[in-house]
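Here is a short briefing on one protein chain.

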Amino acid sequence: MSNEKNLRRAETLSGEIAIPGDKSISHRAVMFGALANGETVIENFLAGADCLSTIACFRQMGVEIDQEGTKVKVHGKGIDALREPEGILDVGNSGTTTRLMLGILAGRPFHACIVGDESIAKRPMTRVTDPLREMGAAIDGRQNGNYTPISIRGGKLKGLDYVSPVASAQVKSAILLAGLQANKEKTKVTEPHKSRDHTERMLRAFGIEVKEEGLSAELIGGQSLQAASIHVPGDISSAAFFLVAGAIVPSSTITLKNVGINPTRIGIIEVLRKMGADLTIEEKGSHAHEPVADLTISTSELKGTVISGELIPRLIDEIPVIALLATQAEGDTIIKDASELKVKETNRIDTVVQELKKLGAEIEPTDDGMIIRGKQTLRNSASVSSHGDHRIGMMLAVAALITEGDVSLSEHEAINVSYPQFFDHLNQLAD
């Protein structure tokens, strides 16, 4: 690990960049290609550490995968061709790999053991392992299977009508992927709010019939996936950092090309509009059942707002950078109903508050969110830390753009998880 990185201040930002491929969609394209019959070709794949963990795990289960930069070919032979891994499946920092793979492994007639890094070891898994056990998988692990390492022996699965206590795309996806293996039986997941629907959209691209109604998604087991060509749209969660930067750095206008604008992911756009941001969206059709657009943002006069309820699942990953955005809005911003942040890569409520306070922000944690005072000047020189969390790291790099003091960032390598070119793109817009 390197030492601290000195972060730059920017007078202005201008230009356009192509945002790297969506992390959620890149993971799923590899996994579904591995389960499908035939060659799946993936363009604009996110070659970040998390998605490379997914490739490594499926290679260990006998799937031939060629990867050159952002192009991937998955030579699928159907789900029954997956074989028992000889070693432990290491998911690195990836919660998506862990939880979705558990759903796939739940119906495979072999044993596997999943381990990850320190951060993954703190993330709760019973939200996935409990319903998978109910369907027929044998799962054990630390604290009764709530934490990695997790051991799973797949079995003959039965369908499940599951009412999830959390709105989580990972929980929903794991159960649906297990349900695909429950022959001719129906599996249905109902959520308190609608979470991301990348799994449902992509299953259709691979020829699976999925029914969605209100807050429920269901499918019938025994269907086979057929290989597909997937062009991954730019990741709106990565775009969010530049949308905020463009709104808060003086005299700026930047354009982000080919960004995915899936309706279950555009909470950041809704918040920017609520706060009065100067944002234009030019729709560009769709890739693999996912709508895409070019987004142009300019420096904006912002006003505080309340962010809560059903909006939260649509922007859970963007809350760190929204907290920064709120420091530059007139009046207070209140974020609530976001207790899910406590079980992300870090406890993101505490971490965001702790790090922004170092720069001089007036921000207070609450049980399920935070209160941010606006409008503020960030003045302090400080040494800040990502705490090993890629989204905290990128938020702090954007904060440094408008901070009067000198800012240095430790654990900046965490950003490679989702956005290896982040600093290159930031420098390109600031030069």
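Helices are DSSP runs of H or I with at least four residues, numbered from the N terminus. N144 is found in one of them, helix α5, residues 142–145. The model is predicted.

**Positive phi**

- Most residues other than glycine have a negative phi.
- N144 counts as exposed because its relative accessibility is 55%, and the cut-off for exposed is over 50%.
- N44 also has a positive phi, near 60 degrees, and is not a glycine.
- N44 is found in a loop, between β3 (37–43) and α2 (49–60).
- N44 has 23% relative accessibility, so this residue counts as partly exposed.

**Cis peptide bonds**

- Most peptide bonds are trans.
- The bond from T148 to P149 is cis, and its omega is near 0 degrees.
- P149 belongs to a strand, β9, which covers residues 147–153.
- G374 and K375 are also joined by a cis peptide bond, with omega about -10 degrees.
- K375 sits in the loop that runs between β23 (369–372) and β24 (382–385).

**A threonine in helix α2**

- Is T54 buried or exposed?
- T54 is buried, because its relative accessible area is 0%, and buried means under 20%.
- This threonine, T54, has its place in helix α2.
- The T54 side chain makes a polar contact of 2.7 Å with the side chain of T97.
- Neighbours within four places in sequence aside, T54 is in contact with H27, V30, M31 and T97.

**Nonpolar cores**

- The largest nonpolar core has 76 residues.
- F242, I248, L324, L356 and F422 have the most contacts inside this core.
- L356 is in contact with A323, L324, A361, I363, M395 and A399, leaving aside neighbours within four places in sequence.
- Another core, of 64 residues, lies apart from the largest one.
- Among the residues of that other core are I150, L157, I208 and V232.

- In what order do the 4 strands of the open sheet run? The order is β19-β21-β23-β22, and the pairing is mixed.
- The edge strands are β19 (306–307) and β22 (363–366), each pairing on one side only.
- Inside the sheet, β21 (residues 333–335) pairs with β23 in the antiparallel sense, over 3 bridges.
- I334 stands opposite I371 of β23.
- Helix α10, residues 319–327, lies across β19, β21, β22 and β23.
- The direction of helix α10 is at about 15 degrees to β23.
- Helix α11, residues 348–358, packs on the sheet as well and touches β22 and β23.
- The direction of helix α11 makes about 165 degrees with that of β22.

Key:
Residues numbered from 1 in each chain as written. Predicted model: local features only at pLDDT ≥ 70, side-chain atom pairs only at ≥ 80, totals over all residues. Heavy atoms only, no water. Core = buried A, V, L, I, M, F, W, Y, C linked by side-chain atoms within 4.5 Å. Buried < 20%, exposed > 50% of the residue type's maximum accessible area, 1.4 Å probe, protein only. Contact = heavy atoms within 4.5 Å. Helix = DSSP H or I, 4+ residues; strand = E, 2+ residues; numbered from the N terminus. Polar contact = N/O pair within 3.5 Å; in protein donor to acceptor, adjacent residues only side chain to side chain. Pairing = 2+ DSSP bridges. Axes fitted to C-alpha atoms, helices over the stretch in contact; angles between N-to-C directions.
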